Number of protein chains: 2
Amino acid sequence: MTVLVFGHRNPDTDAIASALALAGLEVALGTDAHAVALGPPNPETAHALACFGVDAPGVIERARPETDQVMLVDHNERQQSVADIDEVTVLRVVDHHRVANFTSVLPLYFRVEPVGCTCTILARMYAENEVPIPRAIAGMMVSAIISDTLLLRSVTTTDDDRRVAAELAGIAGIDLDTYGDALLRAGAALGDLGAAELIDRDAKSYTLGTTQVRLSQISSTDPTEVLDRRDEFLAAMETERVRAGEDLLLLFVTDVLRGDSELLVVGEPVAAVEKSFSVTVVDGHAHLPGVVSRKKQVVPPLTAALR
Amino acid sequence: MTVLVFGHRNPDTDAIASALALAGLEVALGTDAHAVALGPPNPETAHALACFGVDAPGVIERARPETDQVMLVDHNERQQSVADIDEVTVLRVVDHHRVANFTSVLPLYFRVEPVGCTCTILARMYAENEVPIPRAIAGMMVSAIISDTLLLRSVTTTDDDRRVAAELAGIAGIDLDTYGDALLRAGAALGDLGAAELIDRDAKSYTLGTTQVRLSQISSTDPTEVLDRRDEFLAAMETERVRAGEDLLLLFVTDVLRGDSELLVVGEPVAAVEKSFSVTVVDGHAHLPGVVSRKKQVVPPLTAALR
């Protein structure tokens, strides 16, 4: 039976690239593995797939009945995974996020490391198994590192990410800075998308204490594009918050060139949000200097404030 | 601040050896790490420590106030860890059990592999970091593999365990079979210990569905020693079950030479136990041919039966 390999819902470039990379490694090691995704590629990922001539993975919502054996990349929390995650066997997890809400019946291969990108861990796994990385896969993997670390500038970036990104850029035959700048700009183009679509593009749900929180992030080269449409965004966020049954919905519009974020907030408790970032939310908005990482700069203070 | 490294409560040889091994690796890599244990060594571990001239790690119940940074080996479930696990930061987890009841706020290094022994993973980590394993540590690590895999005979044994055990035996300068037989016999000697003490020596608590289960295991070269004292054991088990607030307490008396177990049961639901192993429990007892691994042959069927 084919083993399905996939990243989190609302896939970003790392979710899709790490699924392709792990499935490729597993196939090289003799496992019948196949990469899929829990949603279509976003514009940034589409740019990378087009550059390296890779087809977008097929989209699934459930693993069954196609398979009951799966491997998770770039996530481990059940609410970010397939709808039927509790009914299948997880053989492997490769991830770089916090560990939470995961339970297995049997021992498994579960590898999480505090690096900037799942593909950095996967590059090490290829090396450990002495499997060469094909050019197209290397291109997708370096795209994921550029995406997750904002071209190695995010606070989440480690020396491992820098070393692996340089190696992968060499295999892919790209100039890291030139390609990286183009990739981030492709991902930051808001285009003519509606507020609801932009809010949902990179959104993850968390249970922090007893509060259901949805954290949404948009990359931008010009956040005023969003701030100028603030009322439209706040209304769409409130609709989405109620629809999803969340207590709190936060939208981070991250300026990928300056390394700051503009925060929009709907729901309660706003006081916990203000405490987390030491800011005052005025008309649903606050400026967050230096905040670019949901994982490292948002989830931990919010977890503490909502405990 | 010193980072404390420790295995699970009621430590077995792997819990203590893997703490010594990871702390040694961390020190070699420049971290101020120190191995401790959540209980004194059992007779088997004491035999290994004496053979290789290693002091038993100090015993702690809580990590604080000595430190708020810890590394877990040979366990990841909070109820098997220090009492104040929720108040400290877990930097690393190295384990070979199922993943459950673990939550971190920050990303961490979390490495679980489905091999027979945590020390098998640690041997690979020494190699990946190009740190040589000192003879005494190698001796403790091979002891752990012998203990967890019943001298490479348990169903949990992988090719990795076999390869690593042979390498470590070479570094430690022991004959695997001769030393292994002596180690298992040292651990299987029930001596003149009371039933309560034997029941508690290698016991772990699990929440399976809504049932609190305590699974206790004794190694023996002659299980009739325990069966001849069945009423004494059943009474001590019931006292322990009530004291610990468990629904079900199972004692596996595992014949390390034949590879079978004798099961004693107190509490409810006994029907789920009978279903798990396809046996009938008579006067609190059943014979379980071929069952030696709590992790692989007990927890999974019991989880299914109690779901």
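Lining residues have an atom within 4 Å of a point. Grid points are joined across faces, edges and corners, and a volume is the space filled by probe spheres set on the points. The model is predicted: local features need pLDDT of at least 70, side-chain atom pairs count only at pLDDT 80 or more, and totals for chains, interfaces and linings use all residues. Residues are numbered from 1 along each chain as its sequence is written, chains are lettered from A in the order in which they are written, and side-chain values use heavy atoms, without hydrogens and water.

The second largest pocket holds about 680 Å³ of space. Its lining numbers 29 residues, and those closest to the centre are Arg307(A), Asp86(B), Thr103(B), Ser104(B) and Val105(B). Two or more lining residues come from each of strand E7 (203-208) of chain A and strand E5 (89-95) of chain B. E5(B) gives the most, with three residues. Strands (E, at least two residues) and helices (H or I, at least four) are DSSP runs, numbered from the N terminus. By class, the lining has 14 nonpolar, nine polar and six charged residues. Here Ala, Val, Leu, Ile, Met, Phe, Trp, Tyr, Cys and Pro count as nonpolar, Asp, Glu, Lys and Arg as charged, and the others, Gly among them, as polar.

Chain A can be laid on chain B by a turn of 180° and a shift of 0.0 Å along the axis, with an RMSD of 0.0 Å. This is the relation of a two-fold axis. Superposition was by least squares on the C-alpha atoms of residues with pLDDT of at least 70 in both copies. Arg111(A) comes closest to the rotation axis among the residues of chain A, at 2.3 Å (C-alpha). Of the interface residues of chain A, 100% are also interface residues in chain B, so the copies meet through the same surface. Contact means heavy atoms within 4.5 Å.

An open sheet of 12 strands has the order E3(A)-E2(A)-E1(A)-E4(A)-E5(A)-E6(A)-E6(B)-E5(B)-E4(B)-E1(B)-E2(B)-E3(B), with mixed pairing. Strand E3 (58-59) of chain A and strand E3 (58-59) of chain B are the edge strands. Two strands pair if DSSP finds at least two bridges between them. Strands E4 (69-73) and E5 (89-95) of chain A pair in the parallel sense over five bridges. Leu72(A) stands opposite Val93(A) in E5(A).

Most peptide bonds are trans, and most residues other than glycine have a negative phi. The bond from Glu268(A) to Pro269(A) is cis, with omega near 0°. Pro269(A) lies in the loop between strand E10 (260-267) and helix H10 (270-277) of chain A. Leu150(A) has a positive phi of about 50°.

Methods
On a 1 Å grid over the protein atoms alone, a cavity is a set of points where a 1.4 Å probe fits but cannot get out, and a pocket is an open set with protein on both sides within 12 Å along at least five of seven lines; lining residues have an atom within 4 Å of a point.
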